[in-house]
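Keep the sequence and the structure at hand as you read.

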Amino acid sequence: MKKLAIIALAFLTIWSCKNDDETPAEPTFGSVVLDFKNIIDNNGVELITDTYTNGSNEAYNISELKYIISNLVLVNSNNEEFVYPVDRSYFLINEEVLASKKINLADIPAGEYTKVRFGFGVDQSKYPLNGMANFIPTAEESGMLWSWSAGYKFIKFEGTYSAADTPFLIHVGSHGTNLDNYKEITLDLPNTLTIAESTSPEVAINADIAKIFDSTNTHSLVEKSDVQVDPVNAPKIAENIKTMFSATGVTN
């Protein structure tokens, strides 16, 4: 009997150790900051004071620059995606507000990520204003809602051009299903982003504002200085905006 008891105790000890080995580790989470910087000619944008020249040889100043970033996704080295909660995934980048250019993302599964994906603007599934109660006041206060329609301005880009200080205004958005200017952008990170508990790494993202005028398409202010509900020019500018973002650094 004593021998049987010893054998039984040994079996229970082995089973207990095996069971402990198979217990999955508790998942851990971290955070990351996406640091947006608006640039022209590799320098930070200066509102009002600085003069720039586009590809059509038109000198211009910028008085207002705001745009919506949404639907954030992180992609790891195995191409597995972490989709940031949609109801927390709408942000307004405002050149006048320094804090707005740093997007803080929390509760991200620990791991190594190699890509970031996000939307420019608001996708069609959120029209007229579905599921965005937290963002609507921000959009309204910042003039990013069309006053005549339940929709969003994805970008407000305004200023003056030419020696006569002629105003220009570029407001690109979507209008129903007939004019969808929402764009999805995927950026390869220059080095691996490591998310771990109790850390807060940063990803530097440049937005080359000059590409609004000159990229896939060329836009001349002399030819069209007011672009709003414009089925010809707005989609071309949206295509340009899709190319203006780049991830320039990761600080773990």
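The side chain of S142 has a polar atom that lies 3.0 Å from the backbone oxygen of T138. This is a predicted model, so please read every distance here as a value computed from predicted atoms. To find S142, look in the loop between α2 (136-141) and β9. Is S142 buried or exposed? Its relative accessible area is 14%, and because buried means under 20%, S142 counts as buried.

Which residues does S142 touch, once its neighbours within four places in sequence are set aside? They are E64, K66, L92 and K156. Keep three of these names in mind, E64, K66 and K156, as they come back in the next part.

**Salt bridges around E64**

E64 takes part in a salt bridge with K66, with 2.9 Å from N to O. The side chain of E64 also meets that of K156 in a salt bridge, here at 3.4 Å from N to O. K156 lies in strand β9 (residues 153-161) and E64 in strand β4 (residues 59-76), so this pair ties together parts of the chain that are 92 residues apart in sequence.

How covered are these charged residues? K66 has a relative accessibility of 9%, so K66 counts as buried. E64, at 17%, is buried as well, and K156 is also buried.

Another salt bridge joins the side chains of E81 and R117, at 3.0 Å from N to O. E81 sits in strand β5 (residues 81-83) and R117 in strand β8 (residues 111-120), so the pair links distant parts of the chain, 36 residues apart. Altogether, the model has 10 salt bridges.

**The strand β4 and its partners**

Now follow β4, the strand that holds E64. How many of the 18 residues of β4 are buried? The count is 16, so the strand is mostly covered, with buried meaning under 20% relative accessible area.

| Strand paired with β4 | Sense | Bridges | Example of facing residues |
|---|---|---|---|
| β3 (residues 52-53) | antiparallel | two | T53 and A59 |
| β9 | antiparallel | seven | T160 and N61 |
| β6 (residues 90-94) | antiparallel | five | N94 and K66 |
| β8 | antiparallel | six | Y113 and N76 |
| β5 | antiparallel | three | V83 and V73 |

K66, the salt-bridge partner of E64, stands opposite N94 in β6. The strand β9, which holds K156, is joined to β4 by seven bridges.

Two of these pairings are hairpins. Between β3 and β4 there are five residues, and N57 in that turn has a positive phi of about 60°. The hairpin of β4 and β5 has four residues between its strands, and there N79 takes a positive phi near 65°.

**The largest pocket**

Finally, how much space lies in the largest pocket? The volume is about 170 Å³. Its lining is made of 13 residues, and the closest to the pocket centre are D35, F36, K37, N38 and K101.

The largest share comes from β1, which gives four residues.

Notes. Residues are numbered from 1 along each chain as its sequence is written. This is a predicted model: local features need pLDDT of at least 70, side-chain atom pairs count only at pLDDT 80 or more; totals for chains, interfaces and linings use all residues. Side-chain values use heavy atoms; hydrogens and water are left out. A salt bridge is a side-chain nitrogen of Lys or Arg within 4 Å of a carboxyl oxygen of Asp or Glu. Buried means under 20% relative accessible area, exposed over 50%, partly exposed in between (1.4 Å probe, protein chains only). A polar contact is a pair of N or O atoms within 3.5 Å; within protein, one must be able to donate a hydrogen and the other to accept it, and residues adjacent in sequence count only if both atoms are side-chain atoms. Contact means heavy atoms within 4.5 Å. Two strands pair if DSSP finds at least two bridges between them. On a 1 Å grid over the protein atoms alone, a cavity is a set of points where a 1.4 Å probe fits but cannot get out, and a pocket is an open set with protein on both sides within 12 Å along at least five of seven lines; lining residues have an atom within 4 Å of a point. Grid points are joined across faces, edges and corners, and a volume is the space filled by probe spheres set on the points.
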